[in-house]
Amino acid sequence: MEKSKIIFGNEISSKVYNKAVKAKNKHIKKFGDDSNTVYHLSVQENATLAPLIGIKNIITSAGNESIDANKGVIIGNIRMGFGHYRISMAIASAAYSMGYTPYWFDLNSYSETTGGKVIAHLNSLYSMGSRWSQKYSLFNKFYWEPLNSEGFRKLSYNAMDQKVSELMTPIFRELPKDMPFIATHVWPAQAAIHAGMKKVVNAIPDNWPMALHLAEGSIHTVQTPSSFLGYKTLKGMDGKKILKSIPDNEIYEVGHYIDHELVVNLDYDCEKRLSRIKNKKAKRILLTVGGAGAQKEIFAEIILKLMPSIKEKKVVLYINVGDHKGVLDELYEEITELASMSENYFNDWNKTCDFAKRALDNDISGIHVFYNEDIFAAVYSSNLLMRSCDILITKPSELAFYPVPKLLIKRVGGHEAWGAVRAAEVGDGTIECETVGRTLQMLDLMLNSDEILTMLCDNIIKANKIGIYNGAYKAVELATRK
């Protein structure tokens with residue numbers, strides 16, 4: 001069936017379909033057509049994460065190892081921000097803990113392919129938009145927020161993506177078609193279906209239903225009940241029109257996609273937090289920069305606010321800028337004493353791992369700054385650090401679903417607002433603090449009173465008991481079932 005013409009039984013207009021075809025042809029004209037190319041695949045260990053969660057990369061260069069179709073789970077993803085990589089790592093961690101080999105299949109990394117070039121182009125536009133939305137309020141109000149909440153919500157947008165994702169299929173040719181395939185972005189999910197993969201799970205991010213994330217032919221998983229109902233009914237995806245719904249057994253609410261290492265140690269980590277609160281120990285704050293490198297201005301205000309408490313050893317600060325060295329340089333320039341007060345962990349993965357392990361059971365002090373040009377280390381550093389932190393300060397994107405007390409700052413895109421709603425309702429994070437003033441007010445309350453942090457820790461423990469954080473395991477179960 002032509003997936004750009006009919007989506008779950010809902011017909012797409014000829015106007016939208018023709019526009020989708022033109023979009024595909026435009027990309028072919030710009031980036032070439034490799035539809036008849038055969039890309040030979042092999043496997044190599046992921047140097048950063050193989051020792052921790054067993055990840056092996058699927059590569060297009062020659063290698064001595066092939067894909068194990070019997071014990072493997074393919075994780076299809078793209079680098080777009082950090083969120084989709086973060087979900088991929090959670091799925092890989094869960095799969096590895098369940099006895100499977102997680103194979104990393106990043107369509108963006110195959111830069112020689114037409115699909116890889118298209119994704120890199122679209123990703124650069126999205127990252128630019130994210131940064132501009134934080135600098136230009138009118139751009140954010142009249143374009144970025146509406147695009148990320150209502151524009152991507154439309155069924156017509158999915159029709160466009162379905163056609164463009166056909167360009168991403170050549171890299172799939174040598175993949176065993178019956179292997180479990182879990183996609184953490186919709187493009188790999190759509191491309192996998194176009195390429196004839198039989199066991200595709202489409203792990204949908206966020207908490208705001210958008211047609212952007214649909215990949216008919218796959219099993220869709222979502223993290224929350226409200227998201228399930230919105231996707232099930234395709235509510236609002238064609239104005240006020242009542243659409244045909246997603247059939248039974250093609251969408252499941254599974255819970256939050258969380259790494260095995262965080263879930264299995266959750267009670268212990270919360271007990272350590274509660275002990276630090278009770279014994280008036282320094283509170284540990286993890287400040288993370290998102291994948292687009294936006295929100296530097298908010299981070300600067302937070303760091304300046306914390307400086308006196310850090311000097312008095314009432315607060316310990318972790319700053320993970322990921323692979324955004326430019327953001328760190330700007331922070332150093334704006335906060336003159338930051339560099340001299342910081343212990344640096346730059347492109348030193350062993351040092352980062354050692355610190356994260358030491359911080360679990362030992363007193364620490366000062367400012368610790370993490371930067372790594374390796375994308376896997378850049379993202380996974382936050383996973384290692386959040387176990388020993390007391391407060392994670394982040395925008396309400398994928399980290400909003402993680403089982404750690406969170407102070408949620410201003411969103412980047414309207415869809416992220418619903419991540420904050422979910423965290424606030426589960427009770428493991430704050431409401432969204434849309435301004436610097438509200439952020440600093442909430443930070444004061446969390447640092448100078450035990451009430452909020454104690455409540456968040458207690459709620460994390462309760463949520464874990466009912467399986468809120470088991471989404472990664474369930475996604476693997478759906479992909480690997482007979």
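1. Glu-343 has a relative accessible area of 35% and is therefore partly exposed (buried means under 20% relative accessible area, exposed over 50%, and partly exposed in between, with a 1.4 Å probe and protein chains only). Its salt bridge partner is Lys-351, at 2.8 Å from N to O (a salt bridge is a side-chain nitrogen of Lys or Arg within 4 Å of a carboxyl oxygen of Asp or Glu). Lys-351 is likewise partly exposed, at 28%.

2. This is a predicted model, in which local features need pLDDT of at least 70 and side-chain atom pairs count only at pLDDT 80 or more, while totals for chains, interfaces and linings use all residues. Residues are numbered from 1 along each chain as its sequence is written, and side-chain values use heavy atoms, with hydrogens and water left out.

3. The salt bridges number 19 by this rule. One of them joins Lys-305 and Asp-444, with an N to O distance of 3.2 Å. This pair links distant parts of the chain, 139 residues apart: Lys-305 belongs to helix H11 (residues 296-311) and Asp-444 to helix H17 (residues 436-448). Helices (H or I, at least four residues) are DSSP runs, numbered from the N terminus. Lys-305 is partly exposed at 34% relative accessibility, and Asp-444 is partly exposed at 29%.

4. A further salt bridge connects Glu-337 and Lys-311, whose closest N and O atoms are 3.0 Å apart. Glu-337 lies in the loop between helix H12 (325-334) and helix H13 (338-341), whereas Lys-311 is in helix H11, so the pair ties together parts 26 residues apart in sequence. Glu-337 counts as partly exposed, at 30% relative accessibility.

Methods. Helices (H or I, at least four residues) and strands (E, at least two) are DSSP runs, numbered from the N terminus.
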